[in-house]
Amino acid sequence: MADEALFLLLHNEMVSGVYKSAEQGEVENGRCITKLENMGFRVGQGLIERFTKDTARFKDELDIMKFICKDFWTTVFKKQIDNLRTNHQGIYVLQDNKFRLLTQMSAGKQYLEHASKYLAFTCGLIRGGLSNLGIKSIVTAEVSSMPACKFQGTMQKGVTDTPNKMFQWILCHRNGRLRRLTKPNIILKT
Amino acid sequence: MAVCIAVIAKENYPLYIRSTPTENELKFHYMVHTSLDVVDEKISAMGKALVDQRELYLGLLYPTEDYKVYGYVTNSKVKFVMVVDSSNTALRDNEIRSMFRKLHNSYTDVMCNPFYNPGDRIQSSPGGPYFLCPYPVQVGPTSCVRSSPGGPYSCVRSSPGEPYSLCPIQSRAFDNMVTSMMIQVC
């Protein structure tokens, strides 16, 4: 099963690479964790686009979270999330009792203080996936005893769709000049 | 054979819109814009609509006297809108479906491109470099897109007697795909 180890080893190298190239003070103020999380975010966006290409449309938020727990987690980590809990008001807790990226590290409390580095990418992954599906969220992770860990996602309510941005449609016209569509009566005249 | 293909982001602004240069592009932009309302209506119809709620392909959105407009929504709420000529009766529903699938596959590839930031317009470089096309080009329904080693680009003749015109370079793979859809049925 060499393909399972590929992502794991690459991820470990990525974390140590980010920390090695960190500048003065970046480790303390958490910039490295942010970098890893942002990496995960962009990867999550692309992955979700690929994975949801053939699935049916999602009914609601819970449907999306179930997809993340089952299909998404299986494709990335070769196993499903063990436990999903929600308070039906926008907070979801995903519990993984044997998180793939931490199994190699320890089986108890050793190296607990370093665990956050290795969870940042996955938090970003979940956040990126949710963001591409239309849910703005904040994802955090906590570990009490390796390799079990919990990811908590807080959905942000009140995300409204912006109205049709008619006035920002830019016409690419011939002769290379750009014309901005500013008023609806321009359309009616032509 | 599509006359206009548009990719609309989930916030309802266009990521990519391209129509055959022979027609008035404004008309197609307006058509695509009005179709967005129909798309929203179809998505929000819960269960009682004729179209299967779980499917991504939306079918015919609305017909006009010259054109028919088809829609498709991905799970990430990105909408694809395709305008085809009404006189082209040979186009069947499953052909339109397969064109949309190809478009979706190309869009997924664009999404996974590390040089593309999600939410940006789909083109190879922002504000695109322009170059002079050295041949006078006939703007007509037969061929307005030409292939070259540097990739296909659309040439538009600026005015009669003027042999040069400015051509923007667009995103290669996605653009190639759209070009092939406008020339022939996939």
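Me: Leaving aside neighbours within four places in sequence, which residues is A:F72 in contact with?
Reply: This is a predicted model, where local features need pLDDT of at least 70, side-chain atom pairs count only at pLDDT 80 or more, and totals for chains, interfaces and linings use all residues. Side-chain values use heavy atoms, with hydrogens and water left out, while residues are numbered from 1 along each chain as its sequence is written, and chains are lettered from A and ligands numbered from 1 in the order written. Contact means heavy atoms within 4.5 Å. Set aside those sequence neighbours, and the partners of A:F72 are A:L47, A:I48, A:F51, A:F67 and A:L125.

Me: Is A:F72 buried or exposed?
Reply: A:F72 sits in helix α3, residues 61-77 of chain A; helices (H or I, at least four residues) and strands (E, at least two) are DSSP runs numbered from the N terminus. Buried means under 20% relative accessible area, exposed over 50%, and partly exposed in between (1.4 Å probe, protein chains only). A:F72 has a relative accessible area of 1%, so this residue is buried.

Me: Where is A:H88, and is this residue buried or exposed?
Reply: A:H88 isn't a glycine, yet has a positive phi of about 60°. You'll find A:H88 in the loop between β1 (83-86) and β2 (91-96) of chain A. Its relative accessible area is 66%, so A:H88 is exposed.

Me: What is the omega of the peptide bond joining A:M146 and A:P147?
Reply: A:P147 lies in the loop between β3 (137-145) and β4 (148-155) of chain A. The bond joining A:M146 and A:P147 is cis, with an omega of about -10°.
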